[in-house]
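Work through the exercises below with the sequence and the 3D view side by side. Try each task before you read its solution.

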Amino acid sequence: MATDPRDTIFALSSGSPPCGVAVIRVSGPRAGQALETLTGSLPEQRRASVRQVVDPQAGWLDEALVLWMPGPRSATGEDCAEIHCHGGRAVIRAIEAALERSCDLRAAEAGEFTRRAFQNGRMDLLEAEALGDMLSAETELQRAVLARSLGGHASAVVGRWREAVLGASAVVEQELDFSDEDEEGVAPPAVWRGDLRGVVDEMHAWLAAPSADKLREGLRIVLAGPPNSGKSSLFNAILDESAAIVSPIAGTTRDAIERPIALGGVPFLLVDTAGLRADSADAIERIGISRAEEELARADIVLWLGPEGEGPQGALEVSSMVDLPDGPRKSDGALRVSSLTRQGLHEMLDAIAEAGRDRLPRPGQVAVSRRQREHLVAASNAIASAIEESDPLLAGEILRQARHAMDRMLGNVATEDMLDALFGRFCIGK
């Protein structure tokens, strides 16, 4: 993202127009000047004021509620202004044009407001990542889990770990400086080692929790079984729409079909697959079967509609044609459902949701992403190694590596490419 932090930027931060009220955000050193240009004067700090919005070139634009929030006590750490105008497209376009033409401001890039908040110390990378996930959250479970990280809990814990490692490093340095003297006041090695064992245990608890990536992307539920076992009919019944073609002809489903769905507040990605059989003479169908097998390998939950016991280990057995007198039957432990009459469908969906909750972080747990996990593993391994190291010189270097890993986790050390990738997935205006 090739942008100049000295620029003053603006963007529509509310939903797509038309809407009742639209919020246009402005951030940067000329935010106050822009507000004065369009409304005549600056309102009292952090108090909403009704003003006439007038473009010096185009004339009167709207009557709006305006806010003036000088930095550093603002969302981005910079001078900020907000214009809460009527939400018609023409009104919004006119005010944006005035900000660009009459005030010489620049339209913001995706995620640029949040990036400035990060760069100005208003949030760290853990909070920024949680905010990005919260913006795309669609289920109550996603919101509840992410709320803790967004509120700074995760950052505070990592900061405490870093302080513990920093304290241990100071003791190790004292051991090196005064190794030939009987210096009072220096904590014995056993003290810092014991303290850091507790830190490693806490880190391992975080690593043992389900991944945040599954929370963001949704658990993959794969419907699998031989041809004509009712997979596509069940897929459509779960979605309550005709997303997959249903036919008595074997091999109708040739490719995996995916649809996101929330069950009991848990995010899932429902996947219909080609029927599994070894005797297909159709080259296209064989490709579909190969892709079905790949989906099975990636699945978090498999709904097995084939003969009982022949599905993947841990699959949920489903008897999917209970409305048919001569339909296939399974033992009492199977989920019994009819795609046609919807008998047993709610019970099956409840069972899937419960299985999903066991595979995702729960409210109160910290959800660690792939990026965070990488640095957390490096930090915990380094600390564990330092605890066992008898040479103070080596122990000090290993503890420095642990601090560096935690700095990367918090974003104190971050590359531009990584920041571009993170903030690039934010919406314009956030």
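**Exercise 1. In which loop is the place of proline 72?**

Solution. Start with the ground rules. This is a predicted model, where local features need pLDDT of at least 70, side-chain atom pairs count only at pLDDT 80 or more, and totals for chains, interfaces and linings use all residues. Residues are numbered from 1 along each chain as its sequence is written, and side-chain values use heavy atoms, with hydrogens and water left out.

Step 1. Helices (H or I, at least four residues) and strands (E, at least two) are DSSP runs, numbered from the N terminus.
Step 2. Proline 72 sits in the loop between strand S4 (59-69) and strand S5 (80-87).
Step 3. Check the bond before it. From glycine 71 to proline 72 the peptide bond is cis, with omega near 5°.
Step 4. Now go to proline 18. Its loop runs between strand S1 (9-12) and strand S2 (19-27). The bond from proline 17 to proline 18 is cis too, with omega near 0°.

**Exercise 2. Describe the backbone and exposure of aspartate 104 and arginine 342.**

Solution. 
Step 1. Aspartate 104 is not a glycine, yet its phi is positive, about 60°. Find this residue in the loop between helix H2 (89-101) and strand S6 (106-107).
Step 2. Arginine 342, also not a glycine, has a positive phi of about 70°. Its loop lies between S12 and helix H11 (345-357).
Step 3. Apply the classes: buried means under 20% relative accessible area, exposed over 50%, partly exposed in between (1.4 Å probe, protein chains only). Aspartate 104, at 59% relative accessibility, counts as exposed. Arginine 342, at 36%, is partly exposed.
Step 4. Use the classes on the whole chain. Of its 430 residues, 48% are buried.

**Exercise 3. What is the strand order of the open sheet of 6 strands?**

Solution. 
Step 1. Two strands pair if DSSP finds at least two bridges between them.
Step 2. The order is S8-S9-S7-S10-S11-S12, with mixed pairing. Strand S8 (257-263) and strand S12 (335-336) are the edges, and each pairs on one side only.
Step 3. Strand S11 (residues 316-319) and S12 run parallel, joined by 2 bridges. Here serine 319 stands opposite arginine 336 in S12.

**Exercise 4. Which residues line the largest cavity?**

Solution. 
Step 1. Work on a 1 Å grid over the protein atoms alone. A cavity is a set of points where a 1.4 Å probe fits but cannot get out; a pocket is an open set with protein on both sides within 12 Å along at least five of seven lines; lining residues have an atom within 4 Å of a point.
Step 2. The lining of the largest cavity is Asp133, Ser136, Ala137, Gln142, Leu146, Ala212, Leu215 and Arg216.
Step 3. H8 gives the largest share, 3 residues.

**Exercise 5. How many residues line the second largest pocket?**

Solution. 
Step 1. The lining has 23 residues. Nearest the centre are Glu129, Arg216, Ser369, Gln372 and Arg425.
Step 2. Trace the elements that give two or more residues: helix H4 (125-135), helix H5 (140-150), helix H8 (212-217), helix H12 (370-388) and helix H14 (416-423). The largest share, 4 residues, comes from H4.
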